[in-house]
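Here is a short report on a structure with its sequence. Look it over, then read on.

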Amino acid sequence: MFNDRTAKFLLLAALVICVGGAFAPNWIVNQFMFGFSRALAILGLMVLWRTGLVSFGHAFYFGLGAYAVAILDSKLGVSDVFLRLLAGAVVAGVAGFLIGFIMRNYRDIFFAMLNTAISMVLFGIVVKTESLGSTDGFAISASTIFGLAPETKYPLFVIITLVGLTAALAVNFYLKTTFGKLTTAIRDNEIRVEYLGFSVAHAIHLKYTISTILAGGAGALMAMSLGQVDPESMINWTVSGELVFVTILSGPGNVIAPFIGSLVFEVLRTYAFELAPQAWQLIMGATFLTIIFFLPGGIWSLIEKLGGKKNEK
Amino acid sequence: MTNKLLKGALGFAAVSAVALAGGIAHAKDTITIAVPSFLTGGAAGPFGIPAMNGAKMVTDAINAGKLPAPYNTKGFGGATASVIPLDEGGGATKQVAEYRNLVEKRNVDAIVGYISSGNCQALAPVAEELKQFTIFATCGTPRIFEEAARKYVFRTMGHATADNVAAAMYVKEKFPDMKGYTGINQNYAWGQDSWRDFDLTLQQIMPNTKASDKTQFPKIFAGQYGSEISAMSLDKADLIHTSFWGGDLEAFIFQGNARGLFKKKIGVFTVGGTAAYRLGKKLPNGLVLGARGPYGILVKDRPSALNQWFINTYKDIYGIYPSGPAYQYGQAILAAKIAYDKAGSDASNEQLANALRGITFESFSTTVEMTLGGGHQAATENGYGITEYDSENGENVVKDVKFYPASCVLPPEGQNSVDWIKGGMKGAKC
């Protein structure tokens, strides 16, 4: 029942946002593009979090996605938005599938730190390699859509919204399948899951790969909306931390949460930056602490509470 | 369901309303200038804060009409400017997002600043796309104007090639017996470019010297250079080139000095100027010190009214002499004033760009000629000196200061820096 409501809400919200975006000023369109691009990666981390796993290294896949777009653009001149997105998701997904063979054997802090280690290897390689742009990174040319070069950002905004919608619906559907339902079961008791006849390793491997495909797609979309990639903003451990931050800010309650959380994060950061140029990190940190102390279920738990009260009336 | 939908729609409307409120047009008697600089992180103290101080001081003086002649008219084309400080940290991609916010959300009139080459490199195409009048103050990479023609972007100081060509020439003049040289540079574009230019120039002008095969490229912001210092102490080379800046620079000086590195080797510091006033007695004697042009400690004795005003006012307000970044940001703000004075306070981005393109102006410490990059890239002289602690006055000074004219250390218009050096620096007038 609840999940159907989620799907309906997602469809309606996407429609409202796409129509509204046509009338919104440029900077709001930008905020939605950045927010929704990142939300894809958060969606993947949410699946992992529900399984009881937190990765402090998903900037690896986010960065792979972004750099796939950058390399395609600078070396091969590929500008089609769908090809770029596909490349980002596939490169990250393949890497995630291979690395998943190692990761599926680890839990807790070991899982988190092993991911960090791998992401920092990529960071080190990119920073030191001039042909990969070193610390300067690459500027990315504007994306085309089936050979057409749009004059405004609006078409890309619509595409990002629709990709986000599709991913949210797919993850929503996945979480309802038997394999999807194993997420919380694995978190609660792995041995029982094995006794039920499922392979925990396979289940985790699948979830890990899903999360890496989503993170790669997110990186690709982010690279296209920003028009720039560099290792500091795309692969460094601070980016992994940011992804975890937004996941906690959003809360694991629903596939809608990453989109709201990511958007809130983007707006919050913009205003923190504007109001306190010397202490904006302080505002972000205080927000993070507030969420952990008062809203451990993230923004979504607030929405649930408000919604719950309404229903009682 | 409908409730949720309504809430969503209301939320969207609210966000849009905030946006519209933020977008109210400015009156013509005031303008806003965004000034990005490092305000957080290791580069803030030695670099970002002095830069911001310089920009604010000059803006305030222009608003009050207190700059020495010929800039003693009030305001920017008559308009009072307010400075919006902005943090430059967090990587180029983040800066691109913030730049868009500056233009599309906060509707600033001009953007003047940026220290990091990576940021400038990333922002130049964005500025062109948004058609936003932008003056880069400090960043060094020559590629900004060599890779593409720009229409709205300017840089009011010389680029990194000048720093390293001048360093090599100074070395040739003062240390003609030098046999071999090595370098320690941060492993990113700035460090790699700096070393390449220095190395290539020495190959041209001192062909009998040899570069070490163990040049050091530690990670940027590493902060610990123990193993690199050991390796260089053992190296046969008698000279060390470094383009370290900010916190890394000071860490390297402290750690190298403790091990006597600068007693054994000649240290060439292309961005060393920022450390001169901050480190005091801890700065070793005998370092070859640059300030990325005629700024900071190198020009402390220049008697022009503009320079003396700059030094004395800065010392009065901030209690320390102005270093390079303060000069460079002040110079960029001054260029903005000149553009506004010429084009008028309500000028469009295009008119402002036309007003600044190709002009020559007298800045605080030097003459700035916007002759490169199609009139968008400044050419200035570049110089070096040797550090010495003046125990009578308890401060660092530089001796044997020598300046090279712009035509000597920068490639002629239209030529790529690396090709120019490799081709033997043809057309250089020294």
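## Where the chains meet

In this predicted model, 37 residues of chain A are in contact with 39 residues of chain B. Contact means that two C-beta atoms, placed from the backbone, lie within 7 Å. α1(A) gives the most to the side of chain A that touches chain B, with 7 residues. By class, that side of chain A has 17 nonpolar, 12 polar and 8 charged residues. Ala, Val, Leu, Ile, Met, Phe, Trp, Tyr, Cys and Pro count as nonpolar, Asp, Glu, Lys and Arg as charged, and the others, Gly among them, as polar.

## Chain B as a whole

Chain B has 16 helices and 15 strands. These are DSSP runs, numbered from the N terminus: helices are H or I with at least four residues, strands are E with at least two. Of the 430 residues of chain B, 55% count as buried (20 or more other C-beta atoms within 10 Å of the residue's own).

## The sheet in chain B

An open sheet of 7 strands runs in the order β7-β6-β8-β9-β10-β14-β15 (chain B), with mixed pairing. Strands pair if DSSP finds at least two bridges between them. β7 (210–211) and β15 (395–404) of chain B stand at the edges, each with a single partner strand, so one side of each has no neighbour in the sheet.

β6 (residues 180–183) of chain B is joined to β7(B) by 2 bridges, and the two run parallel. B:Tyr181 has B:Ala211 in β7(B) as its bridge partner.

## Notes on the model

Residues are numbered from 1 along each chain as its sequence is written, while chains are lettered from A and ligands numbered from 1 in the order written. In this predicted model, local features need pLDDT of at least 70, side-chain atom pairs count only at pLDDT 80 or more, and totals for chains, interfaces and linings use all residues.

Note on methods: A residue is buried if 20 or more other C-beta atoms lie within 10 Å of its own, exposed if 12 or fewer, and partly exposed in between; C-beta atoms are placed from the backbone.
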